[in-house]
Amino acid sequence: FKFSLSNSLEDTISNALKNSDTLKASSFEWAALNEVVNQSSAGTEIRGEISSSIQEGKSGTFQSLSNDTHNNSLTLSLSKSIFDGGKSKTLKDQSMLRVEQKKIQIKVLEQAIILDSITKHLNTYVSFEVMKLREQNLKKIEEEVKSNKVKFNIGAINKSVIFQSNAKLAKAKAELVEAKINYQNTLSEYISLTGLDDVKLSFPKIPNNIPLNSKEAENKAERQSYSIELSKTNISLKKAEYRSLISSVMPTLSSSISSSISDTVSAKHKESISLSLSFKSPIFYTPATLSKNRQIASEISALNHQLNNQIKETKLNAKISYEKFIASKEIINASKEELEAIKISSEITSIENNLGSKTILDVLDSEFNIINAEIALLRNKSNSVLSAYSLLSVMGELDTENLGLEPSAPHYNKVEISVPNLPSPINVFKFINDLD
């Protein structure tokens, strides 16, 4: 793998969002729903139609067909709904709510991609640093093994020390192999997510917009959580469905005007124009309508209870996430203290080895303990950063706007849609030929 300048966490997130086919698919779904909004006025638009018929014939007997018969006509008509009971408006309201619903779903997806990219960034960084520490540990042990062989040859140490140092060498090699495999796996996941080939990651800082206490985290989550917002939109959609049901049983009024020209044997040439108004209204509600009304009312009640539960869960998750973040900082402090104590202990062991009270194996063990403590500290720092961003996700703040990145959601960018041209309504023959 190639290495370039350090990739920041912002680089990782931006490339992961750009490389996400799932996010791109959702953007086109959002664009499609916007077109549904444009179609919602179809019931109130003026419609124009032209129709014609040509009939020519002869009548009489097979021996003598003498009487001409013809019946030709051409009709042009325009029609428009004057009042559709509110169907078009409720249809548009539902379509706009579905656009809003998709917009929130995209933000939820965006948060998931961002959190996944942060996780993979941290995993790749940590696994690379662990691999370097394992390599350092192996080099030290290899040097000590070589030194022990020389000491054994001159009788300074016994054979038991040689075997034990060789065992430590084998263990160090196995740990390095495992570290390399872990790094290759995390790196492959990172490249698959971001599409980047040149990878050298930097360790991210903890974000600045962490709440001061758990109560603030709960309040922010209740106000900003996309899960809560999505639940509220689902209720609004169901209420719009109720309004749609009401509009379906409202009176309707429509109008049409038509002009025709006809030429027949009996009536000769004739021209006419007509205007009509049509009024329709149900006189009672059907059992199916009444049942649908009860169904929608029950579903709205269920969604309200689900919203209440979502609010409780979101606030609880915010509280737990905040406490995990605070605990992660305390764990880091404890890991730092542990590392310092192990380093001091290792120095004392080295001095005691020089004085003859400790063996070289004790020195190797103490150095190995330092490596493990450094790895533990590194992982704890990584967990702390991840817990901070997880807290932002619960609060609804883990998005491109709050992170200061270029917005990726489609309502901030124009979605280019490639569509075939529709054939002209009067170009019938070309359309039929294209079908063949």
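In which helix is Leu-176 found? The model examined here is predicted, so local features need pLDDT of at least 70 and side-chain atom pairs count only at pLDDT 80 or more, while totals for chains, interfaces and linings use all residues. Residues are numbered from 1 along each chain as its sequence is written, and side-chain values use heavy atoms, with hydrogens and water left out.

Leu-176 is found in helix 4, which covers residues 159-194. Helices (H or I, at least four residues) and strands (E, at least two) are DSSP runs, numbered from the N terminus. At 8% relative accessibility, Leu-176 counts as buried; the classes are buried for under 20% relative accessible area, exposed for over 50%, and partly exposed in between, with a 1.4 Å probe and protein chains only. Leaving aside neighbours within four places in sequence, Leu-176 is in contact with Met-131, Arg-134, Glu-135 and Leu-138, where contact means heavy atoms within 4.5 Å. Val-130 is 46 residues from Leu-176 in sequence, and the two C-alpha atoms are 8.8 Å apart in space.

Turning to the whole chain, the protein has ten helices and five strands. Of its 436 residues, 34% count as buried. Among contacts with a separation of 6 or more, 82% come from residues 24 or more positions apart. The chain exposes about 26400 Å², and carbon and sulfur atoms supply 55% of this area; accessible areas come from the Shrake-Rupley method with a 1.4 Å probe, and for residues only the protein chains shown count as cover.

On that surface, Ile-46, Leu-78, Ile-257, Ile-273 and Leu-275 make a nonpolar patch of about 530 Å². Patches are made of residues with over 30% relative accessible area and no salt bridge, joining like charges within 9 Å and nonpolar side chains (Val, Leu, Ile, Met, Phe, Trp, Tyr) within 5 Å. Leu-275, a member of the patch, lies in strand 5 (residues 268-280) and counts as exposed at 66% relative accessibility. Ile-257, another patch member, is also touched by Ser-77, together with Arg-47, Gly-48, Glu-49 and Ser-258, not counting residues up to four places away in sequence. Ser-77 has its place in strand 3 (residues 65-83) and is partly exposed, with a relative accessible area of 25%. From Ser-77 to Gly-48 the C-alpha distance is 5.8 Å, although 29 residues separate the pair in sequence.

How are helix 2 and helix 3 arranged relative to each other? Two packed helices are described by the angle between their axes and the distance between the axes. Helix 2 (residues 21-39) packs with helix 3 (residues 87-153) at an angle of about 170 degrees, and their axes are 9 Å apart. These axes are lines fitted to C-alpha atoms, for helices over the stretch in contact, with angles running from 0 to 180 degrees between N-to-C directions. The two helices are therefore roughly antiparallel, given that angles under 35 degrees count as roughly parallel, over 145 as roughly antiparallel, 65 to 115 as roughly perpendicular and the rest as oblique. Residues of helix 2 in this packing include Trp-30, Leu-33 and Val-37, and those of helix 3 include Val-99, Ile-106 and Ile-113.

The charged pairs deserve a look of their own. A salt bridge is a side-chain nitrogen of Lys or Arg within 4 Å of a carboxyl oxygen of Asp or Glu, and by this rule the count comes to 16. In helix 3, Lys-89 and Asp-93 sit four residues apart, about one turn of the helix, and their side chains meet in a salt bridge at 3.1 Å, N to O. Lys-89 is exposed, with a relative accessible area of 57%.

Glu-401 lies in helix 9 (residues 400-403) and Lys-107 in helix 3, so the pair ties together parts that are 294 residues apart in sequence. Lys-107 is buried, at 4% relative accessible area, whereas Glu-401 is partly exposed, at 34%.

In helix 5 (residues 214-224), Glu-216 and Lys-220 are four residues apart, about one turn of the helix. The closest N and O atoms of their salt bridge are 3.7 Å apart. Glu-216 counts as partly exposed at 26% relative accessibility, while Lys-220 is buried at 16%. Elsewhere, salt bridges that share partners join Lys-238, Glu-241, Lys-292 and Glu-299 into one network.
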